[in-house]
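Dear colleague,

Please find below the structure that I am handing over to you. My findings follow it.

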Amino acid sequence: MINILISLLLGFLIGYKKILSEKMILLNTKLQTVFLLLLIFVMGMSIGMDKTIFTQLPTLGGTAFIFAVAVCIGSVVVVYVISRIFFREDKK
Amino acid sequence: MSIVILITLIFGIVTGVFAGNTIDGIFVEKMSSLLLWLLLFCVGIDMGLNKQVFVQIKKLGFKILLIPFGVAVGSLLGGSVVSLFFPHTLKECLAISSGMGWYSLSGILLTKAGNTTGGTISFLANVMREMLTFISVPFIAKHINYYCAIAPGGATAMDTTLAIISRNTNATIAVMAFVSGVSLTMIVPILVPVFL
């Protein structure tokens, strides 16, 4: 938890202080894609290595989908209510 | 990107299944932590670089924060509803819903807390949330309203799903979506552990 915040904050400070050149910023964007894909690959590996999880995947996938749909609908509904109350003056 | 992610995920799972016995599980755990920190460091740089956000926030005022607030509340409400029909505790459902589409973080937080099953559900649910965002945003923008088009993306509205939102709405909404995504991204690392 604390490591997550430190990583974010360190990066934020470097970005905010404009230490990086344009080239480095571009590299940062590319690195994000690489790290993200590597992370997903490694996470996939831990799923694959976990025999219990792997056998439950068909069930978990269904539950996950229900969750995904539920949070999407829930957030759209609440934002709709907020937009009707607080953003009425601006149309669409 | 989602296709690349799906392929990478499947590739990782297949590798884990067939090479799992030859790889140390602790090493894989450490690698995922390290990669997460490196990724967050890079994301942090992007956050620090985007100074125009502060200017836009000033223009729109505090009202802009009502959108991420609504997305967070709505996601938690959606998750609570799921707990009524599934054998998962309310806390677990709230932890999964708190991911806001940030699958890499939310999944790992639950897994690290000892809930491997919850971590997998969270990871998959949040990956699916991103995919559903790509599919649903054009429809929502057209048939409901532009503000609602920001909602399904959650935390991803600041990066991966921002393009689809701006394409279907306007520049102001795109800025709001970015701010919403940044706000939710900052909230996720705090919100998920609350329910663990």
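Which residues make a nonpolar surface patch of about 600 Å²? The patch is made by A:I73, A:V77, A:Y80, A:V81, A:I85, A:F86 and B:I144. Please bear in mind throughout that this is a predicted model. The residue from chain B in this patch, B:I144, sits in the loop that links helix 7 (116-143) to helix 8 (146-150) of chain B.

I turn now to the overall make-up of the chains.

Chain A has 92 residues, of which 41% are buried. Its secondary structure consists of three helices and zero strands, and the elements run α-α-α from the N terminus on. The accessible surface of chain A amounts to about 5400 Å², and carbon and sulfur atoms account for 73% of that area.

Chain B has 196 residues, and buried residues make up 56% of them. It contains 10 helices and zero strands, in the pattern α-α-α-α-α-α-α-α-α-α along the sequence. Chain B exposes about 8200 Å², with 73% supplied by carbon and sulfur atoms. Of the contacts in chain B between residues at least 6 apart in sequence, 68% join residues at least 24 apart.

In soluble globular proteins, nonpolar side chains tend to be buried together. In this model the largest nonpolar core has 76 residues, and B:I67, B:F123, B:I165 and B:M176 have the most contacts inside it. Helix 10 (residues 171-194) of chain B contributes the largest share of this core, with 10 residues. What does B:I67 touch, once its neighbours within four places in sequence are left aside? B:I67 is in contact with A:V79 and A:F87 from chain A, and with B:Y147, B:I150, B:M176 and B:S180 from chain B.

Helix 5 (residues 90-97) of chain B is largely enclosed by the rest of the structure, because six of its eight residues are buried. The buried residues in helix 5 of chain B are B:E92, B:C93, B:L94, B:A95, B:I96 and B:S97. One of these, B:E92, is in contact with B:N115. The residue B:N115 lies in the loop between helix 6 and helix 7 of chain B, and at 24% relative accessibility B:N115 counts as partly exposed. The C-alpha atoms of B:N115 and B:E92 are 9.1 Å apart, while the two residues are 23 residues apart in sequence. Leaving aside neighbours within four places in sequence, B:N115 is also in contact with B:L110.

A further pair brings in helix 7 of chain B, where B:A141 lies. At 2% relative accessibility, B:A141 counts as buried. B:A141 and B:N168 are 27 residues apart along the chain, and their C-alpha atoms are separated by 6.3 Å.

Next come the charged pairs. Side chains of opposite charge can pair when their charged atoms come close. How many salt bridges does a search of the whole structure find over all chains? The search finds one. It is formed by B:K112 and B:E29, whose closest N and O atoms are 3.4 Å apart. Because B:K112 lies in helix 6 (residues 103-112) and B:E29 in helix 2 (residues 25-49) of chain B, the pair ties together parts that are 83 residues apart in sequence. Both partners are partly exposed: B:K112 has a relative accessibility of 46%, and B:E29 has a relative accessible area of 33%.

Finally, I looked at the cysteines. A search of the whole structure finds zero disulfides over all chains. Are B:C42 and B:C148 buried or exposed? B:C42 counts as buried, at 3% relative accessibility, and B:C148 counts as buried as well, at 0%. Both values fall under the 20% that defines a buried residue.

Yours sincerely

Conventions: Residues are numbered from 1 along each chain as its sequence is written. Chains are lettered from A and ligands numbered from 1 in the order in which they are written. This is a predicted model: local features need pLDDT of at least 70, side-chain atom pairs count only at pLDDT 80 or more; totals for chains, interfaces and linings use all residues. Side-chain values use heavy atoms; hydrogens and water are left out. Patches are made of residues with over 30% relative accessible area and no salt bridge: like charges are joined within 9 Å, nonpolar side chains (Val, Leu, Ile, Met, Phe, Trp, Tyr) within 5 Å. Accessible areas come from the Shrake-Rupley method with a 1.4 Å probe; for residues, only the protein chains shown count as cover. A salt bridge is a side-chain nitrogen of Lys or Arg within 4 Å of a carboxyl oxygen of Asp or Glu. Helices (H or I, at least four residues) and strands (E, at least two) are DSSP runs, numbered from the N terminus. A nonpolar core is a set of buried Ala, Val, Leu, Ile, Met, Phe, Trp, Tyr and Cys residues joined through side-chain atoms within 4.5 Å. Buried means under 20% relative accessible area, exposed over 50%, partly exposed in between (1.4 Å probe, protein chains only). Contact means heavy atoms within 4.5 Å. A disulfide is a pair of cysteine sulfur atoms within 2.5 Å.
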